[in-house]
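Visitor: Hi, I've got a new model open and would like a hand finding my way around. Could we go through it together?
Guide: Happy to, let's bring it up.

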Amino acid sequence: MIYNSLIIHDSIWSNISKAVNSNRLSHAFIFHGSNGVGKEAHAIELAALINCNSKINNNACGNCISCKKIKSFQHSDVKFVFPYPRGKITSQNDPSIRALTEKNILQLRKMMVNKGADPYARIEIDDARTILINSIREIKKDLNLSSIDKSWKVVIIFDSEKLCFPQQTSANALLKVLEEPPPKTVFVLVTSNISLLTDTILSRCQQIYFPPLSS
């Protein structure tokens with residue numbers, strides 16, 4: 001595992017690892033449950049597991065180049081999508097980075113470092129209320145590019161209910177690739193508010209509920 005301090009939901013993780021080892025992994029998941037149950041970290045662990053070069057007991061080793069890159073948010077084939085503010089975005093074709101100020105970028109980098117160390121750390125950019133269609137279009141372009149080392153491509157969408165709020169434009173832009181992704185591609189939508197996701201998103205994903213942790 002890449003997170004030593006993550007409290008693993010054993011039954012959930014056992015089913016996921018069995019699906020990976022039997023080559024029967026779903027191409028799209030929704031990890032949902034209340035805040036603080038480790039949904040995001042389990043999604044990152046899944047990305048590490050299917051790309052790990054030196055698995056140990058059917059888990060990611062945490063020490064190979066792939067695992068280290070994923071934990072530091074630097075793996076070229078593992079994409080992270082976050083809600084952004086509107087910033088200087090003026091059209092759907094603008095690069096999503098235009099939504100961020102220099103302060104936002106520094107804030108995001110710091111939060112990524114914290115997330116690499118603490119599986120329960122939050123990544124939440126100031127004034128970020130929606131997942132921009134610009135971000136979804138960039139992901140779709142990236143998925144059409146060949147992977148350099150033949151690794152799996154994983155797209156992890158944080159606070160994914162914001163695909164649908166305040167408008168459903170981003171959710172609609174995601175539907176086709178979510179239903180028919182390129183080979184060796186997995187989507188993981190993470191949310192604490194699954195009721196805000198559209199039926200069309202829900203119907204395309206395997207839903208996994210993360211129950212609250214015991215005291």
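Visitor: Let's start inside: which residues line the largest cavity?
Guide: Keep in mind that this is a predicted model. The lining of the largest cavity is made by F82, P83, I123, E124, I125, A128, D159 and K162.

Visitor: OK, what about pockets? How much space is in the largest pocket?
Guide: The largest pocket holds about 360 Å³ of space. It has 16 lining residues, and K79, F80, V81, Y84 and I139 are the closest to its centre.

Visitor: Which helix and strand supply at least two residues each of that lining?
Guide: Strand β2 (78-81) and helix α5 (133-143) each do that. By class, the pocket lining has eight nonpolar, five polar and three charged residues.

Visitor: Switching to helices. Which residues of α1 are buried?
Guide: In α1, the buried ones are I12, W13, I16, S17, A19 and V20. They lie on the same side of α1, because they cover an arc of only 155° around the axis.

Visitor: What is exposed on the other side of α1?
Guide: There you find D10, S11, N15 and K18 exposed.

Visitor: So what covers the buried residues of α1?
Guide: The cover includes β1 (28-33), α2 (39-51) and β5 (206-210).

Visitor: How many residues of α2 are buried?
Guide: 13 of the 13 residues of α2 are buried, so α2 is largely enclosed by the rest of the structure. Its length also agrees with expectation: at 1.5 Å a residue it should span 18 Å, and its end C-alpha atoms are 19 Å apart.

Visitor: Take I50, in helix α2. What is I50 in contact with, leaving aside its neighbours within four places in sequence?
Guide: I50 touches V20, L25, W152, V154 and V186. I50 counts as buried because its relative accessibility is 10%, and the cut-off for buried is under 20%.

Visitor: Now the backbone. Where is the cis peptide bond?
Guide: The cis bond joins F165 and P166, with omega at about 0°. P166 is in the loop between β3 and α6. For context, most peptide bonds are trans.

Visitor: Q167 comes up in that loop too. Is Q167 buried or exposed?
Guide: Q167 is exposed, with a relative accessible area of 56%.

Visitor: What about the phi of N58?
Guide: N58 also isn't a glycine, and its phi is positive, at about 65°. Its place is the loop between α2 and α3 (65-71). At 44% relative accessibility, N58 counts as partly exposed. Most residues other than glycine have a negative phi.

Technical notes. Residues are numbered from 1 along each chain as its sequence is written. This is a predicted model: local features need pLDDT of at least 70, side-chain atom pairs count only at pLDDT 80 or more; totals for chains, interfaces and linings use all residues. Side-chain values use heavy atoms; hydrogens and water are left out. On a 1 Å grid over the protein atoms alone, a cavity is a set of points where a 1.4 Å probe fits but cannot get out, and a pocket is an open set with protein on both sides within 12 Å along at least five of seven lines; lining residues have an atom within 4 Å of a point. Helices (H or I, at least four residues) and strands (E, at least two) are DSSP runs, numbered from the N terminus. Buried means under 20% relative accessible area, exposed over 50%, partly exposed in between (1.4 Å probe, protein chains only). The arc is that of the directions from the helix axis to the C-beta atoms. Contact means heavy atoms within 4.5 Å. Grid points are joined across faces, edges and corners, and a volume is the space filled by probe spheres set on the points. Ala, Val, Leu, Ile, Met, Phe, Trp, Tyr, Cys and Pro count as nonpolar, Asp, Glu, Lys and Arg as charged, and the others, Gly among them, as polar. The expected span of a helix is 1.5 Å times one less than its number of residues.
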